[in-house]
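Here are my notes after going through the model, as numbered points. Have the sequence and the 3D view open while you read.

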Amino acid sequence: MDSISYFNIKAFSRVNRENIDVSDIDLTVYNEIDDENIELGSTTTDRNGECKFILKNFNTIASDSTGTYNFVVKFKGNDTYKKASKSVSFKDASIETNLTTKDSINYVSAILKETITDSVLSDKLLNVQVQRLFRPLKIGKEFNMTDENGSIIVAVDNDIPGINGNLMIEVTLSDSDSYGTVKALVKAPYGTPIVEESTFDKRTMWSPRNKTPLFLLIFPNLIIFGIWGFILFLFYNLFKISKS
């Protein structure tokens with residue numbers, strides 16, 4: 001994704017017919033070339049048994065004669081768990097995106113290619129979606145299959161809100177057996193500008209104490225002073241009666 005490649009790794013153990021997450025273990029990643037393993041680095045699982053290993057310089061990683069990259073993730077073992085390893089192989093692919101407007105309709109197009117052969121990949125499912133805060137918003141048809149030219153084209157609605165009218169669009173090839181997950185990001189000025197509706201600096205009922213609405217400061221205090229003034233007036237009259 002945008003010149004960054006990484007592995008999402010999860011470690012677990014089968015205990016009493018249940019998968020138990022294995023946390024705080026060190027995993028080492030190797031690049032397999034013929035019969036040789038070249039160490040690329042290590043990573044440690046979190047409390048959920050998950051970790052991410054970033055391939056810092058993908059250009060230095062070697063592939064075999066078919067253009068396939070082979071890796072193995074190894075765990076050396078400890079007092080609790082036996083050693084284990086997992087191999088993964090994939091070919092490098094890329095997604096080229098382009099923005100166009102025709103007849104007042106905005107489109108995003110994409111071409112999926114295999115990098116080493118520079119050949120297009122047809123009949124592959126690409127997901128097109130707009131980045132959102134919690135979950136991406138899918139756009140276009142439910143299934144966007146690349147044609148014989150390895151391309152798709154998807155219309156983008158003009159009523160999707162975005163900061164300053166900009167949308168961050170993702171075009172993704174997800175969980176491919178041959179290529180893994182490939183993602184391209186493109187910033188498109190196709191959205192509806194978000195209108196600022198924040199009341200942070202205004203005096204509202206839900207504001208902090210230093211921004212209390214003025215009517216809540218004035219009227220309650222007038223009522224309190226009025227009640228105390230009436231009580232003092234009564235005491236003054238009672239004092240005059242007792243003196244007369």
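1. One cut-off first: a residue is called buried under 20% relative accessible area, exposed over 50%, and partly exposed in between. Y107 comes out at 22%, so it is partly exposed. Bear in mind throughout that this is a predicted model.

2. Staying with Y107: where does this residue sit? Its place is in strand β10, residues 105-114. Leaving out residues up to four places away in sequence, Y107 touches N98, L99, T100 and K102, then I153, V154, A155 and V156, and also Y190.

3. Strand β10 itself is mostly covered, with seven of its 10 residues buried. Its pairing with β9 (residues 93-102) is antiparallel and uses 10 bridges; one to look up is T97, whose partner in β10 is A110. The hairpin of β9 and β10 has two residues between the strands, and D103 takes a positive phi near 55° there.

4. β10 also pairs with β14 (residues 151-156), again in the antiparallel sense, over six bridges. Here V108 stands opposite V154 of β14. Then there is β11 (residues 119-120), which runs antiparallel to β10 and is joined to it by two bridges, with E114 opposite S119. The hairpin of β10 and β11 has four residues between the strands, and D118 takes a positive phi near 55° in it.

5. Now to the aromatics: how many aromatic pairs does the structure hold? There are four. Take F7 and F90: their ring centres are 6.2 Å apart and their planes meet at 70°, so this pair is edge-to-face, the term for planes over 60 degrees apart. The pair links distant parts of the chain, with F7 in β1 (residues 5-10) and F90 in β8 (residues 84-91), 83 residues apart. Both F7 and F90 are buried.

6. F90 has another partner, F71, and this pair is stacked: 5.6 Å centre to centre, with 10° between the planes. F71 is buried, as is F90. Together with F7 and Y69, these two form one aromatic cluster.

7. Two lysines are worth a look as well. K52 lies over the face of Y6, 4.3 Å from the ring centre. K74 does likewise with Y30, at 5.2 Å from the ring centre.

8. β7 and β8 turn up again in an open sheet of four strands, in the order β5-β4-β7-β8, with antiparallel pairing. Which strands are at the edges? They are β5 (36-44) and β8, each pairing on one side only. Neighbouring strands of this sheet are turned by 25° against each other on average, ignoring direction. Inside the sheet, β4 (residues 26-33) and β7 run antiparallel and are joined by four bridges, and V29 has V73 of β7 as its bridge partner.

9. Leaving aside neighbours within four places in sequence, T43 is in contact with I9, I25, D26, L27, C51, K52 and F53. K52 is the lysine from point 7 that lies over the face of Y6.

Conventions:
Residues numbered from 1 in each chain as written. Predicted model: local features only at pLDDT ≥ 70, side-chain atom pairs only at ≥ 80, totals over all residues. Heavy atoms only, no water. Phe/Tyr/Trp six-rings, centres within 6.5 Å; stacked < 30°, edge-to-face > 60°. Buried < 20%, exposed > 50% of the residue type's maximum accessible area, 1.4 Å probe, protein only. Lys NZ or Arg CZ within 6 Å of the ring centre and 35° of its normal. Contact = heavy atoms within 4.5 Å. Pairing = 2+ DSSP bridges. Axes fitted to C-alpha atoms, helices over the stretch in contact; angles between N-to-C directions.
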